[in-house]
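Dear colleague,

I am passing on the structure below, together with notes on what came out of going through it. Please read the notes with the model open beside them.

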Amino acid sequence: MTEDAQVDDELLTIGAFATRARLSAKALRLYDRLGLLAPTHVDELSGYRYYRADQVERARLVALLRQLDMPLARIAEVVEADGTEAADRLAAYWADVETRIAGQRTLAEYLRGRLSGRSSEMYGKFVVETVDVPEQVVITQSRHTLQDELPAWIDASLDRLVPVADECGGVAAAPYVVYHSEVSMESDGPAETCVPVADEAAAREWAERHGRSWDTKVRVEPAQRLAYTRITKAQVAAPQIGAAFEAVEQWIAGQGLEQAGPCREVYFADWAAAGPEDAVCDVAFPVR
């Protein structure tokens, strides 16, 4: 018996495997091309593909994950993982999907209001209040960045500054980001991450030793009054966060107040643990 005959006896042809997996041969060729499900054997002369029966479960799993619109790279991560790890990877992906959908829902509501001329009604969904913030010592980083790079930079910057604050008496209040000029796909700010610290002397000593290499500064933020509205994780994404900024600006004008400084986002919640509808951020303007 030839080797090819043995292969034919032990393995399934692509047609037989496709029938058992309830997939098309075209789909199986695609999965092979994408590196998600390779045949066990390919005949060198004929090019025929053969699969093992125990590959059926993986084939069906790949097909189901594609129905979730999961990117191919993440499908590979799930199917290569075992048991609980695979389930955790799927859960993480779906949490991202829910956050994205919630953000898109918010954006759609915002655009419907704008297109229908119901801006004032739309802004009325945001509750605007004021709060008096005492003088704060902050350790900061600034960067010119476009909108698509902004979230990753904020995360990286705060991940660097919070441990520094721990060395300077601890984090004294919620971290925040100040926008000294517009950040969009056409305008690059700059934006400034700020972490309030408890010990000014320790912070200035740290900055003297490390500030230049870390591109950090220490400054005193004066006591001020902020007009703010609280938003959810889903509402933080651009451009839907713009509705929150506009609502606060409209409220300030309606109250006869003046903006007294650049706008900011104050992050008071555990971002990673928050769900799409959990409040995580205050959109604020200093006022007088």
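**Helices H2 and H3**

Helix H2 (residues 14-21) and helix H3 (residues 25-33) pack with their axes 9 Å apart and at an angle of about 100 degrees, where axes are lines fitted to C-alpha atoms, for helices over the stretch in contact, and angles run from 0 to 180 degrees between N-to-C directions. H2 and H3 are therefore roughly perpendicular to each other, given that angles under 35 degrees count as roughly parallel, over 145 as roughly antiparallel, 65 to 115 as roughly perpendicular and the rest as oblique. Helices (H or I, at least four residues) and strands (E, at least two) are DSSP runs, numbered from the N terminus.

On the H2 side the residues are Ile14, Phe17 and Ala18, and they meet Ala25, Leu28 and Arg29 of H3, contact being taken as heavy atoms within 4.5 Å. The residues of this contact of H2 with H3 divide into 5 nonpolar, no polar and 1 charged (Ala, Val, Leu, Ile, Met, Phe, Trp, Tyr, Cys and Pro count as nonpolar, Asp, Glu, Lys and Arg as charged, and the others, Gly among them, as polar). Ala25, which is found in helix H3, is in contact with Ile14 and Ala18 once its neighbours within four places in sequence are left aside. At 24% relative accessibility, Ala25 counts as partly exposed; buried means under 20% relative accessible area, exposed over 50%, and partly exposed in between (1.4 Å probe, protein chains only). Ala25 and Arg49 are 24 residues apart in sequence, and their C-alpha atoms are 10.0 Å apart in space.

**How the model should be read**

This is a predicted model, in which local features need pLDDT of at least 70 and side-chain atom pairs count only at pLDDT 80 or more, whereas totals for chains, interfaces and linings use all residues. Residues are numbered from 1 along each chain as its sequence is written, and side-chain values use heavy atoms, with hydrogens and water left out.

The mean pLDDT of the protein is 88, and 95% of its residues reach 70 or more, pLDDT being the predictor's confidence in each residue, from 0 to 100. Over residues 1-7, however, pLDDT stays under 50, and for this stretch the model has 6 contacts beyond four places in sequence.

Which residues of helix H5 (residues 72-80) are buried? They are Ile75, Val78 and Val79, and they cover an arc of only 90 degrees around the axis, which puts them on the same side of H5; the arc is that of the directions from the helix axis to the C-beta atoms. As a general point, an α-helix has 3.6 residues a turn, so residues three or four places apart point the same way. What covers the buried residues of H5 includes helix H4 (56-67) and helix H6 (83-115), while the face of H5 turned away from its buried side carries the exposed residues Ala73 and Glu80.

Ala76 also lies in helix H5 and, at 28% relative accessibility, counts as partly exposed. The C-alpha atoms of Ala76 and Gln136, which are 60 residues apart along the chain, are separated by 47 Å.

**Backbone points in the loops**

Arg22, in the loop between H2 and H3, has a positive phi of about 60 degrees although it is not a glycine, and at 63% relative accessibility it counts as exposed. Asp69, in the loop between H4 and H5, likewise has a positive phi, near 60 degrees, in a residue other than glycine, and it is exposed, with a relative accessible area of 65%. The peptide bond from Gly189 to Pro190 is cis, with omega near 20 degrees, and the place of Pro190 is in the loop between strand E6 (176-179) and strand E7 (191-197).

Asp96 lies in helix H6 and is partly exposed at 43% relative accessibility; Asp96 and Pro276 are 180 residues apart in sequence and 9.0 Å apart in space, C-alpha to C-alpha. Arg114, also found in helix H6, is partly exposed, with a relative accessible area of 41%, and its C-alpha atom is separated by 34 Å from that of Leu158, 44 residues apart along the chain.

Gln224 is found in strand E9 (residues 224-232) and is buried, with a relative accessible area of 17%. Leaving aside its neighbours within four places in sequence, Gln224 is in contact with Val131, Asp132, Val133, Arg264 and Pro286.
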